[in-house]
Amino acid sequence: MKSENINHAFLDGVIRGDHADVYYHFGVSSDDPILEPLREVRAVVMAGSGGRIKEFAERWSQLHGGSEVVAFPKEDRFVTRYTAGVLFASHGMGMPSASIALQELMRMVFFLKRGDEAALDDVFWARVGTSGGVGLPGGNVVVSTEGLMADLKPYRLLQGGDGEYWFDGTFPASTQDAIIAANADSDIPVVPGKTIAGNEFFLEQYRLDGAICMETPESKRAWLEWIHSHGVRNIEMEGAMLAGYLNHWGFPSFATICATLLNRLEGDQVTATPEQLHQYSENSGVVLFRYLQARLDGEHGEGREGGAR
Ligand code: R2B
Ligand code: URA
């Protein structure tokens with residue numbers, strides 16, 4: 001971990017018991033006994049929708065002999081489940097929403113691991129979601145190598161005055177390799193590539209079908225071809241922030257794994273049938289679960305991490 005980047009001024013007092021930490025959007029605080037079983041957490045899995053979180057937790061529990069599933073009572077912002085070493089949490093859509101979820105989850109995990117940096121190093125983080133493919137049709141699964149904004153620069157936020165906070169959008173290569181290895185014998189196409197996180201589904205993804213449109217077919221194609229030529233393979237709305245914040249604390253192992261719903265070089269509207277959409281989104285879940293089983297349960301042995309790239 002990069003200890004110097006952790007907000008020790010606030011968080012160490014929580015560990016000492018000087019004050020509690022209120023994870024407001026999750027409806028729990030560090031002195032709530034509901035968190036006690038979560039001390040064993042080894043992975044945090046995030047997804048946009050609460051329904052997916054419930055399904056994931058149920059499936060992970062079934063794979064672990066029907067392990068008990070802990071649910072946080074508040075669900076009007078984010079849906080959370082914990083079972084068998086994995087904390088599943090929804091993050092909503094877009095970086096403003098997902099950054100709230102992630103910051104509170106990072107604080108929670110710091111508390112759960114009592115600020116022990118070696119224990120924090122062992123926690124794996126993932127976002128599983130959907131995306132628009134760039135040169136890839138629906139049904140592919142992209143494992144992000146780097147998260148960037150629409151201008152191919154990393155995630156950044158406005159700072160007072162005319163400054164900006166900049167973050168590193170790189171995803172750890174050893175984790176990408178291990179995810180791909182854990183899925184080597186599967187029929188699902190798993191593709192590494194750069195991922196753009198748009199701040200908007202329409203404008204910052206150069207769609208022509210928004211209520212507001214400021215692009216032309218030519219400017220849209222030029223942007224898609226430009227990002228494709230720089231190795232971008234999909235577009236979603238959270239990956240650049242996720243990588244930036246987890247890199248800031250120095251977590252060594254995290255990933256964004258997204259199914260493609262359409263090829264953006266061929267269109268803007270998501271016209272896949274409900275059955276196809278279900279299958280696409282299943283694909284990303286399968287890819288994640290194979291890696292989780294390799295990492296946490298020692299299955300799919302090839303997926304183990306640590307080899308040099
Ligand atoms: C992918 O899908 C959502 C928008 O439809 C957004 O959260 C994302 O990243
Ligand atoms: N999610 C996005 O953000 N963009 C797409 O095109 C599809 C899903």
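Trainee: Which residues form one aromatic cluster with W60?

Mentor: This is a predicted model. In it, W60 belongs to an aromatic cluster that is made up of four named members. Apart from W60, the cluster holds F56, F88 and F289.

Trainee: How many aromatic pairs does the structure hold?

Mentor: Two rings pair if their centres lie within 6.5 Å. Counted in that way, the aromatic pairs in the structure number 14.

Trainee: What kind of aromatic pair do F201 and F202 form?

Mentor: The ring centres of F201 and F202 are 5.0 Å apart, and the angle between their planes is 75 degrees. Planes over 60 degrees apart count as edge-to-face. The pair of F201 and F202 is therefore edge-to-face.

Trainee: Does F201 count as buried, partly exposed or exposed, and what of F202?

Mentor: Buried means under 20% relative accessible area and exposed means over 50%. F201 has 35% relative accessibility, and F202 has 30%. Both values lie between the two cut-offs, so F201 and F202 count as partly exposed.

Trainee: Which ring has the charged end of R39 over it?

Mentor: A charge sits over a ring only if it is within 6 Å of the ring centre and within 35 degrees of the ring normal. The charged end of R39 is 4.6 Å from the centre of the ring in question. That ring belongs to F111.

Trainee: Which residue has its charged end over the ring of Y24?

Mentor: The charged end concerned lies 4.6 Å from the centre of the Y24 ring. It belongs to K74.

Trainee: How far is a polar side-chain atom of R207 from an oxygen atom of ligand 2?

Mentor: R207 is one of the residues around ligand 2, and Q205 and G132 are also among them. A nitrogen atom of ligand 2 is 2.9 Å from an N or O atom in the Q205 side chain, and an oxygen atom of the ligand is 3.5 Å from a polar backbone atom of G132. For R207 and an oxygen atom of ligand 2, the distance is 2.7 Å.

Trainee: What percentage of the area that ligand 2 exposes when taken alone does the protein bury?

Mentor: Ligand 2 taken alone exposes 240 Å². The space that ligand 2 takes is the largest pocket. Of the area exposed by ligand 2 alone, the protein buries 93%.

Trainee: Which residue has a polar side-chain atom 2.5 Å from an oxygen atom of ligand 1?

Mentor: The surroundings of ligand 1 include R127, T130 and E238. An N or O atom in the side chain of R127 is 3.1 Å from a ligand 1 oxygen, and T130 makes a side-chain contact at 3.1 Å. The residue at 2.5 Å is E238.

Definitions and conventions:
Residues numbered from 1 in each chain as written. Chains lettered and ligands numbered in written order. Predicted model: local features only at pLDDT ≥ 70, side-chain atom pairs only at ≥ 80, totals over all residues. Heavy atoms only, no water. Phe/Tyr/Trp six-rings, centres within 6.5 Å; stacked < 30°, edge-to-face > 60°. Buried < 20%, exposed > 50% of the residue type's maximum accessible area, 1.4 Å probe, protein only. Near = heavy atom within 4 Å. Polar contact = N/O pair within 3.5 Å; in protein donor to acceptor, adjacent residues only side chain to side chain. Areas by Shrake-Rupley, 256 points an atom, 1.4 Å probe, with all protein chains shown as cover. 1 Å grid on protein atoms, 1.4 Å probe; cavity = no way out; pocket = protein on both sides within 12 Å on 5 of 7 lines; lining within 4 Å. Sits in = over half its atoms within 2 Å of the grid points.
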